[in-house]
Amino acid sequence: MSDGSVSGNSVKGRVLIVAGSDSGGGAGIQADIKAVSALGAYAMTAIAALTAQNTTGVYGVVPVDPAFVALQMKLVLEDIGADAVKIGMLANAPVIEAVAAEYEERAVNVPLVLDPVMIAKSGHHLLDPDAVLTLRRRLLPLAEVVTPNLPEAEALTDLPIRDLDDMRRAAELMLSFGPKSVLLKGGHLEDDTLYDLLLTEEGETVFEGRRVHTPHTHGTGCTLSSAIAAGLAQGMTTRDAVARARRYVETAILTAPGLGHGHGPLNHLHTVREFS
C-alpha cells in the first residue's frame, strides 16, 4: 500500500470532485484539490456552489445552476474520465437531482464517495433542510462509501447519537439506504478518544485515535473524503483507503499552518517533498 507520498511526476488515479468552493481555501473544492494532488492522484472539478467565507465563518452562498453543474461533469467525464467521484456540498435539491442523473448516465460504475455536507463549523447551513431527503433518496444508494459526521448522520437517520453503540445503530440504518459502506466519523463526541466506524455488508472496523486540541480543523471532512476517493481511484480497498486517509488527515492537523483568526486550515501538502 502506498504511504501517500508523491514520487516524481507520477500521477495515478483520476478523481472528479463535485462540491462547493471555499474562498478561504481550507475546505470545499480547494481542500479537495490539495488532498487529491498531495496523494498522487489527478483532481478534476465541477463546482456546485460558491461561498464567501474565511476561517471565522460563512458569509454567503450562491448555488450554481443545476444544468451548468451537470455540464461540467459531462465534459470532464467524456474527455478525461474518472476512476473515482467525490461529492461534497450541493446546496439544494435541484443540484442534487442534476448531479445524481449525470453520475447515473456517465459514471455509474465509478466508485462514488459521498460527503453529505450540511452545516459549516460556524453553524451556517450549507444544504437546504428540505433537501436532506433528496440527498438520502438520490445519492446514498449510489455511494461506494458515505462519510457523515454525527450531526449529518442524525439528520439522515433521525436518531440521536451519543456513543459508539448509537453510532453502530445509525450506521446500520444508513447502510440500509443503499450505500456499499458507511464511514461514520465520531469527532463530535465528547471523549478524548475518537472513534470512526466503518460499516460494510461484511462487518465493521473501528478506527481509534486521540483528539488533537486545536482550532485548526477547518475542512477535515472534505479533506478526508477526498483522500478516500484518491485511494479508491488508485485501486485500494475501501478499508485501506480510509486507513490511509485518516493518517493523512491526522498529520495535516498536527502540522497545520495556524492561519486565520478562527478555525484554520490543515496542512494539505505535508506529503509533498520540497524542491530547491
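**Salt bridges**

I started with Glu144 and Lys180, which form a salt bridge with their closest N and O atoms 3.5 Å apart. Glu144 is in the loop between helix 4 and strand 6 (145-146), and Lys180 is in the loop between helix 6 (164-175) and strand 7 (181-185), so this pair ties together parts that are 36 residues apart in sequence. My salt-bridge rule is a side-chain nitrogen of Lys or Arg within 4 Å of a carboxyl oxygen of Asp or Glu. Helices (H or I, at least four residues) and strands (E, at least two) are DSSP runs, numbered from the N terminus. Lys180 counts as exposed, at 53% relative accessibility. For the record, buried is under 20% relative accessible area, exposed is over 50%, and partly exposed is in between (1.4 Å probe, protein chains only).

A note on the source: this is a predicted model, where local features need pLDDT of at least 70 and side-chain atom pairs count only at pLDDT 80 or more, while totals for chains, interfaces and linings use all residues. Residues are numbered from 1 along each chain as its sequence is written, and side-chain values use heavy atoms, with hydrogens and water left out.

How many salt bridges does the rule give? The count comes to 16.

Next I looked up Arg138 and Glu104, whose side chains meet in a salt bridge at 3.1 Å, N to O. Arg138 belongs to helix 4 and Glu104 to helix 3, so parts 34 residues apart in sequence are tied together. Arg138 is buried, at 15% relative accessible area, whereas Glu104 is partly exposed at 34%.

Then I checked Asp196 and Arg246, with closest N and O atoms 2.8 Å apart in their salt bridge. This pair links distant parts of the chain, Asp196 being in strand 8 (residues 193-200) and Arg246 in helix 8 (residues 238-254), 50 residues apart. Asp196 counts as buried, at 11% relative accessibility. I also noted one network, in which salt bridges with shared partners join Lys74, Glu78, Glu102, Glu105 and Arg106.

**Helix 3**

Helix 3 (residues 93-106) has 14 residues and reaches 20 Å from first C-alpha to last, close to the 20 Å expected at 1.5 Å a residue. That expected span is 1.5 Å times one less than the number of residues. Which residues of helix 3 are buried? I listed Val95, Ile96, Ala98, Val99, Ala100, Glu102 and Tyr103. Their cover includes strand 1, strand 2 (42-54), helix 2 (66-79), strand 4 (84-87), strand 5 (112-114) and helix 4 (132-138), with contact meaning heavy atoms within 4.5 Å. At the start of helix 3, a side-chain oxygen of Asn92 comes to within 3.0 Å of the backbone nitrogen of Val95.

**His216**

I found His216 in the loop between strand 9 (203-210) and helix 7 (220-233). His216 is buried, with 17% relative accessible area. Leaving aside neighbours within four places in sequence, His216 has contacts that include Ile253, Ala256, Leu259 and Pro265. The His216 side chain also reaches the backbone nitrogen of Gly264 at 3.4 Å.

**Surface patch**

Last, I noted a nonpolar surface patch of about 260 Å², made by Val11, Tyr42 and Ile80. Patches use residues with over 30% relative accessible area and no salt bridge, joining like charges within 9 Å and nonpolar side chains (Val, Leu, Ile, Met, Phe, Trp, Tyr) within 5 Å. Areas come from the Shrake-Rupley method with a 1.4 Å probe, and for residues only the protein chains shown count as cover. Val11 sits in the segment before strand 1 (14-22) and counts as exposed at 53% relative accessibility.

Methods
Polar contact = N/O pair within 3.5 Å; in protein donor to acceptor, adjacent residues only side chain to side chain.
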